[in-house]
Amino acid sequence: MVKSFIKLTEEIKKKVVESIHIGNEYDYKEFMAGKKTTIKNGTPYNRMDFVYESLIREFSSEEFYVKPAGSGNWQKHLQIYHKPTKTLCIVAKEDRVQSIRLKKSNLDRKPHYMESYSLINKNKHVNEYIGLNEQLALNFPLSSVDKGLIPTYVGDFYIQKKANLLKLIGTLDVETFVLISLVVKKEKIIEVRGHVPQEEFLDSYLYSEDWSNYIPVPFTIDSSEENNDQQVSEDIQIGIKKKILEKDSVSPSLKKEKKQKKDASIE
């Protein structure tokens with residue numbers, strides 16, 4: 001059995017997923033309902049802002065520390081820090097995560113904040129999980145590299161990642177970084193996963209969990225029950241119509257005879 005490095009309780013994971021769902025399914029759609037344009041080329045509004053807002057409402061408590069964070073030209077994201085377990089989480093769309101991971105061969109760029117956060121998981125988790133202590137040692141001697149590419153866990157790129165990380169977390173005492181990824185299709189959250197990235201964000205995850213079972217299922221009326229309700233309603237209407245038709249179908253002679261009997265009883 002693979003050991004879990006995510007120390008959050010199942011209740012916390014459930015609240016994370018439900019908050020994401022509320023921000024996407026209700027808050028965002030409610031806001032957009034009054035912002036439709038005639039041409040409908042698209043929308044400049046960021047769906048993730050509403051997901052973040054919902055998470056802030058849920059996790060602003062003594063147990064957690066929530067804070068918008070950003071650095072340089074990055075868009076702001078949300079830090080969710082669980083104080084008891086010293087776990088720092090961020091939430092991102094899966095397609096955005098993969099776009100960063102695909103930039104493996106291009107080091108002539110500034111590191112993304114996801115890559116910087118992944119340094120939190122260096123060595124401690126890596127050693128315990130796959131034993132890469134020597135390979136990922138941060139004191140890798142640059143002088144020993146005579147030819148070929150310098151590994152991405154040393155050199156200028158690593159220095160930039162570490163500098164960014166210090167700006168992002170400040171004095172927070174963080175033991176584990178958890179990346180919560182979302183898959184959104186047709187405006188619905190269809191998948192939520194929790195990942196513990198390696199120090200090298202581009203490598204495979206140390207550990208992953210599927211939290212999708214916590215996505216609320218919309219209430220739907222069973223089709224058979226709906227058909228039964230319709231049938232009952234139709235039967236009632238048919239019964240009422242039948243009585244009306246029977247009343248209207250009494251022959252004139254019977255109506256006359258009934259009237260005569262009534263008059264006689266009055267006399």
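This is a predicted model: local features need pLDDT of at least 70, side-chain atom pairs count only at pLDDT 80 or more; totals for chains, interfaces and linings use all residues.
Figure 1. Residues are numbered from 1 along each chain as its sequence is written, and side-chain values use heavy atoms, with hydrogens and water left out. Leu-78 sits in strand β2 (helices, H or I with at least four residues, and strands, E with at least two, are DSSP runs numbered from the N terminus). What does Leu-78 touch, not counting residues up to four places away in sequence? The list is Tyr-52, Leu-55, Ile-56, Lys-67, Pro-68, Cys-89, Ile-90 and Val-91, where a contact means heavy atoms within 4.5 Å. Take Leu-55: it is 23 residues from Leu-78 along the chain, and the two C-alpha atoms are separated by 8.7 Å.

Figure 2. Rolling a probe the size of a water molecule over the atoms shows where empty space is left. On a 1 Å grid over the protein atoms alone, a cavity is a set of points where a 1.4 Å probe fits but cannot get out; a pocket is an open set with protein on both sides within 12 Å along at least five of seven lines; and lining residues have an atom within 4 Å of a point. Grid points are joined across faces, edges and corners, and a volume is the space filled by probe spheres set on the points. The count comes to one cavity of 30 Å³ or more, and the largest cavity has a volume of about 50 Å³. Its lining includes Leu-8, Ile-12, Val-16, Phe-59 and Phe-64. Helix α1 (10–33) and strands β2 (77–82) and β3 (87–93) each supply at least two lining residues, and β2 gives the most, with three. Sorted by class, the lining has nine nonpolar, two polar and no charged residues. For that sorting, Ala, Val, Leu, Ile, Met, Phe, Trp, Tyr, Cys and Pro count as nonpolar, Asp, Glu, Lys and Arg as charged, and the others, Gly among them, as polar.

**Figure 3. The second largest pocket.** This pocket has a volume of about 320 Å³. Of the 16 residues that line it, the closest to its centre are Asn-46, Tyr-52, Gln-75, Arg-96 and Tyr-113. Which elements give two or more residues to this lining? They are α2 (47–59), β3, α3 (94–101) and α4 (113–117). By class, the lining of the second largest pocket divides into seven nonpolar, four polar and five charged residues.

**Figure 4. Salt bridges across the chain.** Side chains of opposite charge can pair when their charged atoms come close. Here a salt bridge is a side-chain nitrogen of Lys or Arg within 4 Å of a carboxyl oxygen of Asp or Glu, and the count comes to 11. One of them joins Asp-27 and Arg-57 (2.7 Å, N to O); Asp-27 is in helix α1 and Arg-57 in helix α2, 30 residues apart. Another joins Glu-187 and Arg-47 (4.0 Å, N to O). Glu-187 lies in the loop between β4 (176–185) and β5 (188–196) and Arg-47 in helix α2, so this pair ties together parts 140 residues apart in sequence. Glu-187 is partly exposed at 40% relative accessibility, whereas Arg-47 is buried at 12%. Glu-10, Lys-13 and Glu-209, meanwhile, are linked in a network of salt bridges.

**Figure 5. Lys-86 meets Asp-173.** The side chains of these two residues form a salt bridge (2.8 Å, N to O). Lys-86 lies in the loop between β2 and β3 and Asp-173 in the loop between α6 (156–169) and β4, so the pair ties together parts 87 residues apart in sequence. Lys-86 is partly exposed at 28% relative accessible area, and Asp-173 is partly exposed at 41%.

**Figure 6. Rings side by side.** Rings of Phe, Tyr and Trp (its six-membered ring) pair if their centres lie within 6.5 Å; planes under 30 degrees apart count as stacked, over 60 as edge-to-face and the rest as tilted. The count comes to six aromatic pairs. Phe-59 and Phe-64 have ring centres 4.8 Å apart and planes at 70 degrees, so the pair is edge-to-face, and both residues are buried. Tyr-113 and Tyr-117 have ring centres 6.3 Å apart and planes at 80 degrees, so this pair is edge-to-face. Ring pairs also link Tyr-28, Phe-31 and Phe-50 into a cluster.

Technical notes: Buried means under 20% relative accessible area, exposed over 50%, partly exposed in between (1.4 Å probe, protein chains only).
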